Amino acid sequence: MASRRDSKIVKLTFTGEQAVPPVQVFSILKSKGVVVPGEVDALQALQGRNTYDVRFTSDVTRQKGVTLLSGVEGLTVTPYERSVWVTVIHVGLEVRQELVATVLGRFGAVKAIKMCSYAQAPGVLNGPRQVRIDLKQDIPSFLFIAGHKAHVRYPGQPRTCFRCGETGHEAKGCPKKSVGAAFVLGMIPLLAQAKLCAHSVGRRAMFFALVPPLMSL
């Protein structure tokens, strides 16, 4: 079973080479007796070809939808469970596990964390971290952790633009060509005296929270 924070969300995977646009997904849902809108309130394309998340309005309508769609030829229906393994790469070896857990903890409850090792040498660590987390909200495809631009991946992760950080498009089609948004995490801002400054790097603007070193790495 795949993982997701919301039990009302179901993953739809269409097989075959022909592209399946959202309008066709709606048509299939309606043809099988799912009320759209009404019993479905969201449909989102995922990374990968012809894969969608569909969110039902309740657990009852989700169960109905899963039952009705399970017999559709060329369609795989996958209910989600809550917990997911998140893989984080491009984080320095010197960055402590506790800091990685603190950063990802903003998106859900962290249950476990480990650093991966080489298959050829199981006792030698290679840097990428794997974090088990109960997601409360989606994690962007990249985060800044202790100055490192870390790439984040997990099953069912929505597409996120590497240029602006928003969903619904990729970097090559980003409407914000001149401005990039950075997710600067791993630093804890002072709630009472938060100071912000903007640094321009080429044509991109990145905003950093200036805070004292509250956590040693």
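**Close-up 1. L75 in strand β5.** L75 sits in β5, a strand that covers residues 75–81; helices (H or I, at least four residues) and strands (E, at least two) are DSSP runs numbered from the N terminus. This is a predicted model, in which local features need pLDDT of at least 70, side-chain atom pairs count only at pLDDT 80 or more, and totals for chains, interfaces and linings use all residues. Residues are numbered from 1 along each chain as its sequence is written, and side-chain values use heavy atoms, with hydrogens and water left out. Is L75 buried or exposed? L75 counts as buried because its relative accessibility is 9%; buried means under 20% relative accessible area, exposed over 50%, and partly exposed in between (1.4 Å probe, protein chains only). Leaving aside residues up to four places away in sequence, L75 touches L12, T13, F14 and L69, where contact means heavy atoms within 4.5 Å. Look for G16 too: its C-alpha atom is 9.5 Å from that of L75, although the two residues are 59 apart along the chain.

**Close-up 2. R62 in helix α2.** Helix α2 runs over residues 59–69 and holds R62. R62 counts as buried because its relative accessibility is 16%. Which residues does R62 touch, not counting those up to four places away in sequence? They are S7, K8, V10, F56 and P79.

**Close-up 3. Two nonpolar cores.** A nonpolar core is a set of buried Ala, Val, Leu, Ile, Met, Phe, Trp, Tyr and Cys residues joined through side-chain atoms within 4.5 Å. The largest one here has 19 residues, and V86, L104, I139, L143 and I145 touch the most other members. At least two residues of this core come from each of β6 (83–89), α3 (97–104), β8 (125–135), β9 (142–145) and β10 (148–153). Helix α3 gives the largest share, 4 residues.

Close-up 4. Strands β9 and β10 pair in the antiparallel sense over 4 bridges; two strands pair if DSSP finds at least two bridges between them. Across the pair, L143 stands opposite A150 in β10. In a regular strand the side chains alternate between the two faces of the sheet. On β9, F142 and F144 point one way while L143 and I145 point the other way, and all are buried. The hairpin has 2 residues between its strands. A146 lies in this loop and is partly exposed, with a relative accessible area of 27%.

**Close-up 5. Backbone spots to check.** Most residues other than glycine have a negative phi, and most peptide bonds are trans. Where is a cis peptide bond found? It joins V36 and P37, with omega about -10 degrees. P37 belongs to the loop between α1 (22–31) and β3 (40–45). H90, in the loop between β6 and α3, has a positive phi near 70 degrees and is not a glycine. A146 is another non-glycine residue with a positive phi, about 55 degrees.

**Close-up 6. Back to the whole chain.** The views above come from a chain with 3 helices and 13 strands. Of its 217 residues, 36% count as buried. Among contacts between residues at least 6 apart in sequence, 60% join residues at least 24 apart.
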